[in-house]
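This briefing is for a reader meeting the structure for the first time. Please look over the sequence and the model before reading on.

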Amino acid sequence: MLQLPNLLLSFLLIFFSFLLLHLLRTPKPNLPPGPWQLPFIGSLHHISINALTHHSFLSLARKYGPLFHLKLGQIYFIVASSSSTASEILRTHDQIFASRPTMLAVKTIAYNSIGIGFSPYGPYWRQMRKICTQELLSSKKVKFFGFIRDEESLKIVERIGRGSGSTTLKVNMTEIFMDVLNVNIMRAAFGKDWESNRERFLKALKETMMLLPLLRLADLFPSLGFVISVLDGSRARMKNVRREIDVILDEIIAEHVIKREAGEGDGEEDFVDILLRVKEKGEFQIPLAVENIKAVILDILVGATETTSGTLDWVMTELIRHPEIMHRAQLQIREALRGKTVIEESDINKLDYLKMIIKETLRLHPPLPLLIPRICNKETKLLGFTIPSKSWVVVNAWAIGRDPDYWENPESFNPDRFKECTVDFIGANYDYIPFGAGRRICPGMGFALAGIEHFLALLLFHFDWELPDSKVFDVDEGLTGSARRKNDLYLLARPYSPISDE
Ligand code: HEM
């Protein structure tokens, strides 16, 4: 039998006695409740591999309360699952939780996080946020981009109209929504100089979303992140997609620079034009380089495409499940838009039932169910508990949207619940936060809603919708970087003729 030399044995005994003493003496922080942990992996075994993270977090909240903690690998997670805990994080202590954690995929693909969505809270983020809210996504700019919504929605109506000549033809709604919402934001970002790169860019954006789930082993074990990402192949994928995106953005920006130098701008500034103007004028305290421009554009494109197209997918899913609601919406839309060839924003603004349907969809299916994670800047007391510095702080907006303490029959799809109620998603009601709240609330809300409302109104005006096969209809959620439908949504479109109504 192998025997340890006495000296080594005594050394180990002394070492472990000191370690035990140290552990006993060190006061344990008063963390929020949470499940038990194993050495090294922490509470990872409490997260089911097959369940979606926001579902797992709700199950844990039912056991440990509306503010619980988890140690996942080397990271503390603090999870808020009620309106009041969300308000503590997003309002009372908003500044302490206003930064984002470092995620390997974001760092690698999105230019070391120097865009807007993941840059640390501070003067640089404030400056980029100002450019976003005042220049790129202001309500004036959203209004200005109305011509893109008009043109693209008509193209889609024509495209579906052509296909629906045959009653057996299925329309892949998921693909159409992804297409149209992507074109919508690409045109706003790049003007006319994007057509040749569109397919490549869309593929790269989809790959980026695949690499962005919240819980990646490489992020949970940062000290081993490099090795893990090499071994699981994600590092190579991240590098490839970053290279692809970089080449395309460089090309587009170079074309814009040439046009600007030649004075060929048509006065209709897209996002790249605006950012180049800001860069040239140097009005901001921190000068912009081309790298910053690429990072902001990428953040916006990723932030916009998945969320808005995913929302439309869920709206149509819910409307197909609730034909009476679809019918009521169509009656209102067809009445309001009767005889109009051009649809103004003011026409859309009158469609209050449509707006309620979108609100209800965002309550049950927020595209970012856990918002975007925040990080705790310094050790803080929250509701009497200690939140360790560098913890990841996550708000489960999906769980809050179906909390029976705030919502009557929370699982039922009932747009009328928004009729008399003043609850809105602008960040003032913490029981309804699909766009987040506080300093980092989504700056693209106006842009998103304008697109969703416009495309939905036209699709409901021009077509009647049915399931191709009523027996095959799933409502499964999938999860990449956002909570989309797991499978594509296929529907039958029958063109609607206003004459037959009269
Ligand atoms: C239905 C559509 C959308 C939803 C539900 C949504 C939701 C969100 C959420 C939950 C956040 C994080 C907020 C927080 O941390 O409190 C966010 C951030 C952000 N969103 Fe959206 N979003 C949508 C569409 C858009 C669009 C269309 C754009 C741009 C055109 C956009 C741009 C951004 C950006 C740049 C951020 C980062 C803000 C920051 O960190 O300061 N989003 N969004």
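The model is predicted. In it, Cys442 is the only protein donor of the iron atom of the ligand. A shell of 28 residues surrounds the ligand.

**Iron atom**
- The SG atom of Cys442 lies at 2.3 Å from the iron atom of the ligand.
- Cys442 sits in the loop that runs between helix H18 (397-400) and helix H19 (445-462).

**Shell around the ligand**
- The closest residues to the ligand are Arg100, Trp125, Arg374, Arg440 and Cys442.
- By type, the shell has 18 nonpolar, six polar and four charged residues.
- Helix H5 (123-136), helix H14 (290-321) and H19 each provide at least two residues of this shell.
- H14 gives the most, with five residues.

**Oxygen atoms of the ligand**
- The side chain of Arg374 has an N or O atom 2.7 Å from an oxygen atom of the ligand.
- For the side chain of Arg440, the distance from an N or O atom to an oxygen atom of the ligand is 2.9 Å.
- A polar backbone atom of Ala437 is 3.4 Å from an oxygen atom of the ligand.

**Strand E7 and its partners**
- Strand E7 (residues 392-395) is covered on both faces, with Trp392 and Val394 buried on one side and Val393 and Val395 buried on the other.
- Strand E2 (residues 75-80) pairs with E7 in the parallel sense through four bridges, and Ala80 has Val395 of E7 as its bridge partner.
- Strand E4 (residues 374-375) runs antiparallel to E7, joined by two bridges.
- Arg374, one of the closest residues to the ligand, stands opposite Val393 in E7.

Note on methods:
Residues numbered from 1 in each chain as written. Predicted model: local features only at pLDDT ≥ 70, side-chain atom pairs only at ≥ 80, totals over all residues. Heavy atoms only, no water. Donors = N, O, S within 2.8 Å, 3.2 Å for Na, K, Ca; no water. Near = heavy atom within 4 Å. Polar contact = N/O pair within 3.5 Å; in protein donor to acceptor, adjacent residues only side chain to side chain. Nonpolar A, V, L, I, M, F, W, Y, C, P; charged D, E, K, R; others polar. Buried < 20%, exposed > 50% of the residue type's maximum accessible area, 1.4 Å probe, protein only. Pairing = 2+ DSSP bridges.
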